[in-house]
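Please keep the sequence and the structure at hand while reading.

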Amino acid sequence: MTARLVLELGIGAPLTVLLSQDLPIKIGRNPDNDLIIQDEHASRFHAEVYFDSGTFFLKNHSKNNGTRLNGSRISSEVVLVNQCKINIGDAQIRFENAAISHEDSSKTLPELELQDEGKSSKSDTFVTEFLHDELSLLFSYVADSVLENNPRDLVAKALEILLKRTQAEKVGFLSLDTQEVMLKQVLPADTSLDLVLSKTLTKEVVAREKTVWLLQEQVGIEAESLRSMKDAVCLLVKTKASESSAGSILGAVHLYHHRRFFNFKEVRFAEFLVDCLANSLLVLRQRRALEADNNRFKFVEEKGKELIIGSSRLVVKMKQEIQRAALRNSSVLITGDSGVGKELVALELHKRSSRSAAPMVSVNCATISPGLADAELFGNEKGAYTGADRANTGYFQQADDGILFLDEVGELSQECQAKLLRTLESGKIRPLRGKEISVNVRVISATNRDLQKEVKEGRFREDLFYRLNTCVVKVPALKERLEDLAELVDFFLNRFSVEYRKRFLFGPEVLDKLKKYHWPGNIRQLKSVLESGVNRAESETLMAEDIDIPTNDAIGGEVPKNIRLTEVESWAIKIALERNGWNQTQAAKVLGIHRETLLDKMKKYKIAKSNPKTS
């Protein structure tokens with residue numbers, strides 16, 4: 001005959017006690033009992049279950065609070081029948097007797113096989129009915145996780161629910177995922193990290209690959225950080241195995257209380273929520289990988305197609321420089337005027353590098369607000385600054401193991417330049433109000449400024465310039481490679497043909513007109529001119545009259561051979577402002593620069609809107 005007692009409700013240990021025909025099982029608050037019940041209504045030695053003449057009996061020993069069987073208080077020994085309920089205070093214990101007929105067993109809970117020689121039974125689990133509010137919490141978390149893009153926020157939401165639902169004093173998450181840099185998160189937020197998350201419990205849960213509950217441990221886990229705790233639970237955050245891949249361990253969740261024990265339903269709820277968390281983290285990782293791929297190939301028209309169009313001598317030389325630079329792992333500085341295609345060069349470097357399978361994150365430094373540059377590049381914790389209502393993963397973390405492209409790097413503030421230099425030298429970042437994190441990122445930067453001049457004038461750090469300048473790729477201006485015009489025009493017209501679902505061609509007179517222009521806006525301007533021509537053209541063949549470009553007279557007659565770049569830049573700014581009604585924001589967009597940069601240049605060249613004379 002085999003039988004057991006199963007603790008269904010209340011706080012106690014162990015959850016299951018095997019009954020013996022030879023020895024009675026003692027139940028009560030005293031640690032010497034076989035089944036310990038932590039309840040204020042439980043006596044030190046409250047009751048016992050014993051075997052006699054082929055039957056198990058329950059005997060009450062409590063004088064004050066008594067013992068109930070199936071809701072009725074008992075006064076003497078009573079016979080225990082299969083699936084009856086023993087109640088002591090708020091605790092409920094179910095009696096199970098495996099020696100019942102097959103007909104009777106069909107009317108009870110699923111039969112639970114007993115452990116045999118150390119082997120765990122398949123059915124050594126217990127049916128747990130969640131209340132309506134618990135199910136609502138689980139469904140709400142799953143629904144919210146679909147909209148979440150930050151793994152730290154996913155973890156934080158799960159910890160908040162666990163802190164409230166299990167009434168734990170402290171909850172924490174320790175990342176064990178090599179692909180995600182989250183480290184530790186603990187609630188309440190003012191809790192000491194090192195004091196809370198026990199390394200011993202984490203090692204145990206990883207080794208066993210199942211929940212470790214301190215209350216259930218027959219042999220106590222010795223750990224300095226657990227001595228002040230009355231109870232602790234550690235749960236493994238692991239994705240489920242599939243046919244294509246094995247499950248991966250993402251982290252461990254810890255629950256602590258130093259005044260009370262957790263109960264069975266609280267632990268089961270935590271296990272369900274942690275399973276939801278593991279699945280949500282996996283889905284988020286897959287979604288971010290897809291987004292990174294989309295960002296990486298957003299300029300690629302089709303697989304295998306060249307990103308850089310042209311076969312002139314300067315372009316061929318540049319492609320050779322790109323190939324050499326791609327094979328290294330050092331920083332690369334791409335120089336060239338606005339609109340020449342520096343981002344395409346960065347994409348080509350990424351495509352040919354050993355990091356091509358990892359993400360490339362592109363950042364236009366000119367569009368970053370100076371006050372938020374640190375947070376956007378290096379990340380921040382929740383509450384790091386006014387308005388920071390959530391933690392933010394910076395661009396460096398997003399590009400981990402891949403490439404970070406810093407376009408217009410000369411626009412960064414001096415303070416941000418110092419932090420960028422420190423990151424390049426140490427390979428570590430420090431989010432605002434966060435801990436230092438190691439990152440493996442190759443930095444490719446680009447600028448249309450003369451950084452050597454910026455260094456001399458004190459606007460750019462000399463040490464950062466030499467760090468970025470280890471490998472330089474110069475992108476030629478369009479006026480230096482006019483022999484590529486035919487290929488470029490053909491490329492853009494093919495793109496417009498796909499967009500407009502109409503085949504566009506061009507005649508030789510179009511090229512003649514384009515070659516006579518000096519193209520201060522480079523390829524970006526060429527694309528804009530051709531798109532305007534396509535919209536203006538009355539037929540599928542682009543004519544010279546469809547091309548609207550300024551004549552040499554627009555800048556005061558024939559362009560002199562020794563024209564200065566500053567004169568062209570000043571002219572381009574004036575034209576952009578006039579054509580956009582002196583709207584500085586719109587003019588900056590047309591010029592491809594930040595509004596703050598435009599204001600600096602207007603001040604430099606003393607450009608101001610003249611007021612009409614009043615009569």
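This is a predicted model: local features need pLDDT of at least 70, side-chain atom pairs count only at pLDDT 80 or more; totals for chains, interfaces and linings use all residues.

The side chain of Arg208 meets that of Glu204 in a salt bridge, with an N to O distance of 2.9 Å. Both residues belong to helix H5, which covers residues 199-208, and they lie four residues apart, about one turn of the helix. Glu204, for its part, is also partly exposed, because its relative accessible area is 27%, a value that falls between the 20% limit for buried residues and the 50% limit for exposed ones.

One of the pairs is formed by Glu169 and Arg259, whose side chains meet at 3.3 Å, N to O. This pair links distant parts of the chain, since the two residues are 90 residues apart: Glu169 is in the loop between helix H3 (151-165) and strand S13 (170-175), while Arg259 is in the loop between strand S17 (249-257) and helix H6 (264-296). Arg259 is exposed, because its relative accessible area is 58%.

Salt bridges also join residues into a network, and the linked residues are Glu411, Arg449, Glu454, Glu457 and Arg459.

## A buried glutamate without a salt bridge

Glu321, a residue of helix H7 (residues 313-326), is buried and yet has no salt bridge. The nearest side chain of opposite charge is that of Lys317, at 4.6 Å; this pair is not counted as a salt bridge because the nitrogen would have to be within 4 Å of a carboxyl oxygen. When residues up to four places away in sequence are left aside, Glu321 touches Val472, Val473 and Lys474.

## The surroundings of Leu333

Leu333 is part of strand S18, which comprises residues 332-335, and it counts as buried because its relative accessibility is 1%. Not counting residues up to four places away in sequence, Leu333 touches Ser445, Ala446, Thr447, Leu451, Leu468, Asn469, Cys471, Val472 and Val473. Between Leu333 and Phe405, which are 72 residues apart along the chain, the C-alpha atoms are separated by 9.8 Å.

## The packing of helices H14 and H16

Two packed helices are described by the angle between their axes and the distance between the axes. For helix H14 (residues 485-500) and helix H16 (residues 522-536), the axes come within 10 Å and cross at roughly 50 degrees, which means that H14 is oblique to H16. The crossing of H14 and H16 is right-handed.

On the side of H14, the contact is made by Leu485, Leu488, Val489, Phe492, Leu493, Arg495, Phe496 and Tyr500. H16 contributes Ile523, Leu526, Lys527, Leu530, Glu531, Val534 and Asn535 to this contact.

Note on methods:
Residues are numbered from 1 along each chain as its sequence is written. Side-chain values use heavy atoms; hydrogens and water are left out. Buried means under 20% relative accessible area, exposed over 50%, partly exposed in between (1.4 Å probe, protein chains only). Lys and Arg count as positive and Asp and Glu as negative; His and the chain ends are not counted. Contact means heavy atoms within 4.5 Å. Axes are lines fitted to C-alpha atoms, for helices over the stretch in contact, and angles run from 0 to 180 degrees between N-to-C directions. Angles under 35 degrees count as roughly parallel, over 145 as roughly antiparallel, 65 to 115 as roughly perpendicular and the rest as oblique. A crossing is left-handed if the near helix is turned anticlockwise from the far one by less than a right angle, and right-handed if clockwise.
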